[in-house]
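Biologist: Please take one part of this model and go through it closely with me. I would like the surroundings of a few side chains, with the cut-offs spelled out as you go.

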Amino acid sequence: MDLIYQKAGIADLDILTDLRAEVLRAANGLPSSTDMSEVKRQTRRYYQRALLDDSHTAYLVWDGGRIVGAGGVSFFQVMPTYHNPSGTNAYIMNMYTRPEYRRRGIARKTLDLLVQEARNRGVAAISLEATAMGRPLYEAYGFIPMEHEMELPERRG
């Protein structure tokens, strides 16, 4: 298997946008008929800005002319803390490997590239949200569950 791990650029906008919809369908167990037009519109807008201002790095994994995996890391700033004096954070997201390519180390290598990108920028705080399928990889890599975070969900209705 001769895979190519490529850092995505603005020329990959359509691929990144379509792949994001595919990832969200898979992660949320959504049928292929689910309307993702608004998500795709907003995702495209996000990538247009974030790839140009360098607040997001994405990797695409190619097997010949086919995308078989991907992952991204978003960089953002918060107030400095004792444990993170720079206040710079990285959030890994959009990790995906096509089912027929799983268990071959693709996600691990993609994760390595994203973590290295963050470390090269001097980022101390790297976090992610893990699906049940991804959790074993992240735990083996050294990620630990966070105990003190909370989230206020959107009110509907």
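Modeller: Thr97 touches Val68, Gly69, Arg102, Ile106 and Ala107, leaving out residues up to four places away in sequence; contact here means heavy atoms within 4.5 Å. This is a predicted model, in which local features need pLDDT of at least 70 and side-chain atom pairs count only at pLDDT 80 or more, while totals for chains, interfaces and linings use all residues. Residues are numbered from 1 along each chain as its sequence is written, and side-chain values use heavy atoms, with hydrogens and water left out.

Thr97 sits in strand S4 (residues 88-97); strands (E, at least two residues) and helices (H or I, at least four) are DSSP runs, numbered from the N terminus. Thr97 counts as buried because its relative accessibility is 10%. For that label the area must be under 20%, with exposed over 50% and partly exposed in between (1.4 Å probe, protein chains only).

Now to another threonine, Thr57, which belongs to strand S2 (residues 56-63). With 2% relative accessibility, Thr57 is buried too. Beyond its neighbours within four places in sequence, Thr57 is in contact with several residues, including Lys7, Leu114, Glu117 and Arg121.

The side chain of Thr57 makes a polar contact of 3.4 Å with that of Glu117, and one of 3.4 Å with that of Arg121. A polar contact is a pair of N or O atoms within 3.5 Å; within protein, one must be able to donate a hydrogen and the other to accept it, and residues adjacent in sequence count only if both atoms are side-chain atoms.

Those two partners also pair with each other: Glu117 and Arg121 form a salt bridge, with the closest N and O atoms 3.2 Å apart. The term means a side-chain nitrogen of Lys or Arg within 4 Å of a carboxyl oxygen of Asp or Glu. Glu117 is buried at 12% relative accessibility, whereas Arg121 is partly exposed at 32%.

Arg121 has a further salt bridge, to Asp54 (3.0 Å, N to O). Arg121 lies in the loop between helix H3 (106-120) and strand S5 (125-128) and Asp54 in the loop between H2 and S2, so this pair ties together parts 67 residues apart in sequence. Asp54 is partly exposed, at 43%. Salt bridges link Lys7, Asp54, Glu117 and Arg121 into a network.
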